[in-house]
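Trainee: Could we take a close look at one part of this model together? I'd like to see how the pieces there sit against each other.

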Amino acid sequence: MSERAQRLLEIADDELVLGWRDSEWTGIAPFLEEDVAFSSIAQNEIGHARALYELAARDLDTTADELAFDRAPEEYRCAPFVELRLLDWADTIARRVLYEAADTIRLEALKADPDPELAGLAAKMDREEVYHRLHAEMWADRLRDEPRFRAAVDSLWGQALGVLEGELATVLADRMPAQLGWTPAQAAPAPRNGHSDGFRALWDEMTMVRRSIPGASW
Amino acid sequence: MVTGEAVWAALAEIPDPEIPVISLVDLGVVRDVSVDGARVHVEFTPTFLGCPALEVMQAAMVTSIEALGGKPEIEVVLDDSWSTDRITPAGRKQLREAGFAPPAPRSAEPPRLVQLRSNAFRCPYCGSNDTRLENLFGPTPCRSLRYCGGCRQPFEQFKTI
């Protein structure tokens, strides 16, 4: 597999799986406006996954749907961070804040990529992500002094660092304190290899309908 | 014989599936049309990547080009060429008349919370600037929710992207 296809799949898998997790709040968010916000954010993330899979599918001579739903669980390249099933609102908001910070850095790098297709798509995604960032900013500000939110950020910080590699992870570590208004506790980055315990169950559910009639035209 | 002009005119008759007051051409999603004999090539730029109406839009364009006797090829361009600035003046007027506040023009910097929370947005019903942000998100990815203190109505504000 080309380096470009691997890179595309890594980001697409992150966006698909986080979109899936965020969509779990549809209907059960603590208040209606957040129900709308999480549904919309999840829809955007899954839309980004679709566009990234489409580029990868051209390189790999397959389709976006096959990449999204027909791979074996071990073939997915998402970071364990996006797989976690977070049932606590503070944890969920902490993940949104941390993921958006990481994703911003990743998109900045992609927008400057010499590959015009990658750079063009990244710029388009970035326009939409602006609103996710504002949503994260609003919550990070509202919860700044809540011990429960700070504990959630601390507990997820190492996982968030694992979304990025090398220099980009250093940029995230440098930026996060200013963005939060406080410094998260030191944590070792959780690498992007292997999956969290909950991933198999997520995959089972996510691909269940498609697997029920293999090869069907939906 | 299909002409580019006839194709543009036909596409200008296709309403946006989610906001049928505006056509695909006024929405700015048709980037280019080129005609070579019967072959009609359309460059189409999605609005939001997660918009569920993209396939419906493509299917509608295929049907309308076929009705002209053309062989449609719809190319989906996944680059950065669509922004809300591509909505035409006629399209903005149609949106406002249907109760959707059209998007503010893009500026060099992305919008900030302090701007969105300000009263720089006008109510499409009564024209008052006494409006506040209710939710960054709304019924579709392209809209936010605001509330007008003037006429005490919630309204949908197009996001600037």
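Trainee: Across which strands of chain B does helix H3 of chain B lie, and at about what angle does it run to E3(B)?

Mentor: Before we start, this is a predicted model, where local features need pLDDT of at least 70, side-chain atom pairs count only at pLDDT 80 or more, and totals for chains, interfaces and linings use all residues. Residues are numbered from 1 along each chain as its sequence is written, while chains are lettered from A and ligands numbered from 1 in the order in which they are written.

Now, your helix: H3 (residues 54-67) of chain B lies across E2 and E3 of chain B, at about 155° to E3(B). Helices (H or I, at least four residues) and strands (E, at least two) are DSSP runs numbered from the N terminus. The axes are lines fitted to C-alpha atoms, for helices over the stretch in contact, and angles run from 0 to 180 degrees between N-to-C directions. Contact means C-beta atoms, placed from the backbone, within 7 Å.

Helix H1 (residues 4-11) of chain B lies across E1 and E2 of chain B, and runs at about 140° to E1(B).

What are these helices lying on? In chain B, 3 strands make an open sheet, ordered E1-E2-E3, with mixed pairing. Two strands pair if DSSP finds at least two bridges between them. At the edges are E1 (30-36) and E3 (71-76) of chain B, each pairing on one side only. Direction ignored, neighbouring strands here are turned by 15° against each other on average. Strands of a sheet pair through backbone hydrogen bonds, either parallel or antiparallel. E1(B) and E2 (residues 39-44) of chain B go antiparallel, over 6 bridges.

Zooming out a bit, chain B is divided into domain 1 (4-82) and domain 2 (100-158), with bounds from an automatic or database domain assignment. The C-alpha centres of these two domains of chain B lie 28 Å apart. Contacts between them involve 6 residues of domain 1 of chain B and 4 residues of domain 2 of chain B. On the domain 1 side, those residues split into 3 nonpolar, 2 polar and 1 charged. For these classes, Ala, Val, Leu, Ile, Met, Phe, Trp, Tyr, Cys and Pro count as nonpolar, Asp, Glu, Lys and Arg as charged, and the others, Gly among them, as polar.

Finally, chain B also touches chain A: the contact takes 19 residues from chain B and 26 residues from chain A.

Key: Two residues are in contact if their C-beta atoms, placed from the backbone, lie within 7 Å.
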